[in-house]
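Subject: Model for you to look at

Hello,

Here is the structure I promised to hand over. Please open it first, then read my notes below.

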Amino acid sequence: MPILEINLRKIRHNAKILKNLLAQRNVSIIGITKLVLGNPTIAMMLVQGGIEYLGDSRIHNIIKMKKNNIRAQFVLIRIPSITEIPLVVKYANYSLNSELKTIRMLSNEAVKQKKIHSIILMVDMGDLREGINIFNIECFVEEILRLKNINLSGIGTNFKCFGGIIPTDENMNEFSKLVFRIKDKFELELEFVSGGNSANFNWFKSCKNIGEINNFRIGEAIFLGKETINYEPIPNLYTDAFRLITEIVELKQRSLIPKGIIVSNAFGESVQTYHKKINNGKKSDTIRTQALLNIGRQDIAVKGLNPKESINILGASSDYLVVDIRDNQFQIGQKLHFDLNYEALLRAMTSPYIHKKFIDI
Ligand SMILES: *Cc1c(COP(=O)(O)O)cnc(C)c1O
C-alpha cells in the first residue's frame, strides 16, 4: 500500500509560527481542517500550535473532531445544508451563512435545542462564490439581529476560490469600510472580521493598515507552508510536512510510442505523445525503462505530484502511475517519493487505499 507520511512536528511548528505572526497584529486564525478531513491527530497539532478556532467545510469532520476530544471552538465554513441544520446547531459553535431562509431555520433549531448559534455573515467582494451582495447587507443584518438564539459574531469574505480574484488594497479596503459602516450603524462588536484565506498572506505581509480585519481562515498555508497567490514558500515554515511514498511494481524496457491504432486512454482522453516530453520534442522513438507504481488516479491528482527522485511522470490510469525512470538503477519493490500540492494531498487524504503514517521527528 502507498503511504502518506505526515510529520506532526512540522504541522505543529507551522501552526505556531502563523498563529504568532498574525497575533502580533491582533488577527486570530480559524485553522481550516478540510484538507485533512478533520483528522483528529492532525487537528490536535493546530490546537497545540495555539490555534483556538478550527473550521471545516464538512459537519461530519467537525463531529469527528469533537468526538475525539479536540478542544477548540468549531466553525462550519460551508454554507449549511437545510438537511444538516440540527447537526450544525448541535456540533458547530459558528457557521458561515448567506441565506436568510437558512439563518431563520438555524434560529428555530437553536431555540429548540436551547442553544445560541453564532454566525459569520459572508459577503461577496468579487470572487463570485459564497456571500451576499454588498448592497443587501443592511437588510440582512437588521433581520439577523431580530432572530432568537442567533448571535451575529462576524462578517467575512473570501477570495481566490472561484473567480480567482486576489485580495488587493482596493477590495480589502472596500470590505473594511463596509464592515466599519455596519459596526457603527448597528453598534456591533464583531469577534470575527474574517478577511479571507491563505491567499491573503501576501496582502497581510505587505499591508501597513489592515483596517477592520481581525481574522483569517487558514488551511493550505499551515499544511503546505506556502501562500497561494504565487505558491511561494512562507519564511520559517516547512513545505514538506506531507510526503507520499509509492512502490515500484513493474520495471520494463518499453518503446515511447504506443503500437497500433490509437483512440483514447482508459479515461476517454486523447493520448499524449510522451516521446515529445522526453526527447526534447523530437519525434524519434527510444527504448527506455518504464516503471509502474502502486498508485493511480483513484488515489491521487497526478498533476499535483512532484517526484523527489529524478524521474519523469508519463501519466496514470486508475491503479498505476506510469513513470520513465531515466538513468536510475531501480529495483522492484523500491520506494519512490513525491511532494504533493493541495489537490493531490486532498485526494491522498481521502483515499482509503493510502496508509496514513504519522511521524513526530
Ligand atoms: C477552504 C476555505 C478556506 C481555507 O482556504 P486555504 O486556502 O486552505 O487557506 C477559508 N475559507 C473558506 C470559506 C474555505 O472554504
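R326 is partly exposed, with a relative accessible area of 46%. (Buried means under 20% relative accessible area, exposed over 50%, partly exposed in between, with a 1.4 Å probe and protein chains only.) R326 lies in the loop between strand 14 (321-324) and strand 15 (335-340). Its phi is positive, near 55°, and R326 is not a glycine. Helices (H or I, at least four residues) and strands (E, at least two) are DSSP runs, numbered from the N terminus.

Before the rest, the ground rules. This is a predicted model, where local features need pLDDT of at least 70, side-chain atom pairs count only at pLDDT 80 or more, and totals for chains, interfaces and linings use all residues. Residues are numbered from 1 along each chain as its sequence is written, and side-chain values use heavy atoms, with hydrogens and water left out.

K114 also has a positive phi, about 55°, without being a glycine. K114 sits in the loop between helix 5 (100-112) and strand 6 (117-123). K114 counts as exposed, at 75% relative accessibility.

Next, F180. This residue belongs to helix 7 (residues 169-186). F180 is partly exposed, at 48% relative accessibility.

Now the ligand. Which residues are closest to the ligand? They are K34, S198, R217, G219 and E220, out of 13 that surround it. (A residue is near a molecule if one of its heavy atoms lies within 4 Å of it.) The shell divides into four nonpolar, four polar and five charged residues. Here Ala, Val, Leu, Ile, Met, Phe, Trp, Tyr, Cys and Pro count as nonpolar, Asp, Glu, Lys and Arg as charged, and the others, Gly among them, as polar.

A side-chain N or O atom of R217 is 2.8 Å from a nitrogen atom of the ligand. The side chain of R129 has an N or O atom 3.1 Å from a ligand oxygen atom. G219 places a backbone N or O atom 2.9 Å from an oxygen atom of the ligand. The protein covers 93% of the 390 Å² of accessible area that the ligand has on its own (Shrake-Rupley method, 1.4 Å probe).

Best wishes

Notes
Polar contact = N/O pair within 3.5 Å; in protein donor to acceptor, adjacent residues only side chain to side chain.
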